[in-house]
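Please read the briefing below alongside the sequence and the three-dimensional model.

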Amino acid sequence: MEFILELMLIILCTKLAGDLSVRLGQPAVLGKLLAGIALGPAVLGWVSQGGFIDQAAEIGVLLLMFIAGLETDLEQMRRNWQSAFAVAVAGIIVPFAGGYAAGIAFGLSTTASLFLGVVLSATSVSISVQVLKDMNRLNSREGTTILGAAVLDDVLVVVLLAVMMSAFGTGADISIGALIGKKVLFFAVVIAVGWLVVPRVLKWLAPLKVTEAVVSAALVICFAFAYFAEELQMAGIIGAFAAGIAIAQTEFKKTVEEKIEPIAYSLFVPVFFVSIGLNVSFAGIGEQWLFLLVVSVVACITKLAGGWFGARVTGFDGRSSLLIGAGMVSRGEVALIIATMGLQGGLVLPNYYTPIIIAVIVTTLVTPPLLKQFAKDRPAKQFN
């Protein structure tokens, strides 16, 4: 029953820390992330990774992105596809160059420096989604641009990672053509199923004489999309997001949203926020403090600059461009996964792994206050 104690601590501490964060003028997410660091091995050591915590965290981020899909204005996203593409591309090129330059400056090999560039190119929009949702900006022009750019970023970074692992012999059996084909197949299937199958499945299951038939059907669709995405080497969160968009086009949107949110935000999403903080460990970073500092600064500035540039050249004003850039800063679980793959594939030395992980966590921690700052004192109409 030890996991029950850990779960109790997670729920209690994230809610209290979130409330304190709001009272201090910061987004609630920041307090929840810091609660994860405090509960984890870096400070108190009361909660550890593995087993139930990891699995519940995975469900939490899937439900978070599923809810984001439910609340996304699809027409707004269609109108902003050019901006999303520009933000995604610039948000990869600039951090990749910055990461490579930082690696070379610290004497890393060309391979390790290139891999550092790949890690810094990643984007995890789950933290930004929660902050934008709290500020009622998720459906704004900026919000939908960030969501669209994050989806494209995931595709491009996975292809970039595959090219690198293949080129440097850690994944020689990777077929780049097959990988791109899987991405195309994923979007083709998801669009077809979301348009033709999902509404029919919900209508078929809604009349069942069981408790919460519609919500159960929605969860089946969400997890099926997420599993399909992972099978085709896409992030599961993209599949969950697509499932939310598909269900949002049906008559069951409101019912699903009202019933899913209590499940997600009372249990699974808090575990996800804490799980990010559990990756922090300060052991052995004393000798790498300068590397950690430089990589953290480069990671934040380059992603912010890349997102700002992509938004600016596609018609956003300066403040909105900064908001979009800030929304792309968090690397979150996506970069953590890539860094772990690099360690296992020999692309990053073990003594640099921990500083890279902490730098990823830093980008996740600075995203909420950045978004809050750039959205500050702006009339809501400017975001519509």
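The points that follow cover helices, salt bridges, aromatic contacts and the surface.

This is a predicted model, in which local features need pLDDT of at least 70 and side-chain atom pairs count only at pLDDT 80 or more, while totals for chains, interfaces and linings use all residues. Residues are numbered from 1 along each chain as its sequence is written, and side-chain values use heavy atoms, with hydrogens and water left out. A search of the whole structure finds six salt bridges, and the structure also holds six aromatic pairs.

- Helices (H or I, at least four residues) are DSSP runs numbered from the N terminus, and the expected span of a helix is 1.5 Å times one less than its number of residues.
- Helix α2 (residues 28-39) has 12 residues and should span 16 Å at 1.5 Å a residue, which agrees with the 17 Å between its end C-alpha atoms.
- Because 10 of the 12 residues of α2 are buried, this helix is largely enclosed by the rest of the structure; buried means under 20% relative accessible area, exposed means over 50%, and partly exposed lies in between (1.4 Å probe, protein chains only).
- In α6, 10 of the 12 residues are buried, so the helix is largely enclosed by the rest of the structure; among them are S113, F115, G117 and S121.

**Salt bridges**

- Side chains of opposite charge can pair when their charged atoms come close; a salt bridge is counted here when a side-chain nitrogen of Lys or Arg lies within 4 Å of a carboxyl oxygen of Asp or Glu.
- R78 and E75 meet through their side chains in a salt bridge (3.1 Å, N to O), and, being three residues apart in helix α4 (residues 74-79), they are separated by about one helical turn.
- R78 is partly exposed at 48% relative accessibility, and E75 is partly exposed with a relative accessible area of 40%.
- K303 forms a salt bridge with D153, with the closest N and O atoms 3.1 Å apart; this pair links distant parts of the chain, as K303 belongs to helix α13 and D153 to helix α8 (residues 141-167), 150 residues apart.
- Both K303 and D153 are buried.
- The side chains of E212 and K259 meet in a salt bridge (3.0 Å, N to O); E212 lies in the loop between α9 (176-205) and α10 (213-231) and K259 in helix α12 (residues 253-277), so the pair ties together parts that are 47 residues apart in sequence.
- E212 is partly exposed, with a relative accessible area of 38%, and K259 is partly exposed as well, at 34%.
- A network of salt bridges links E71, K133 and E261.

**Aromatic contacts**

- Rings of Phe, Tyr and Trp (its six-membered ring) pair if their centres lie within 6.5 Å, and planes under 30 degrees apart count as stacked, over 60 as edge-to-face and the rest as tilted.
- F186 and F187 form an edge-to-face pair, 5.2 Å centre to centre with 75° between the planes; F186 is buried, with a relative accessible area of 1%, whereas F187 is partly exposed at 29%.
- The rings of F272 and F273 have their centres 5.6 Å apart and their planes at 45°, so this pair is tilted, and both residues are buried.
- F106, F291 and Y352 form one aromatic cluster.
- R141 lies over the face of F316, at 3.9 Å from the ring centre; for such a contact, NZ of Lys or CZ of Arg must be within 6 Å of the ring centre and within 35 degrees of the ring normal.

**Surface**

- W289, L290, L293, V297 and I301 make a nonpolar surface patch of about 500 Å², where a patch takes residues with over 30% relative accessible area and no salt bridge, and joins nonpolar side chains (Val, Leu, Ile, Met, Phe, Trp, Tyr) within 5 Å and like charges within 9 Å.
- Accessible areas come from the Shrake-Rupley method with a 1.4 Å probe, and for residues only the protein chains shown count as cover.
- V297, found in helix α13 (residues 289-312), is partly exposed with a relative accessible area of 40%.

Terms used. Helices (H or I, at least four residues) and strands (E, at least two) are DSSP runs, numbered from the N terminus.
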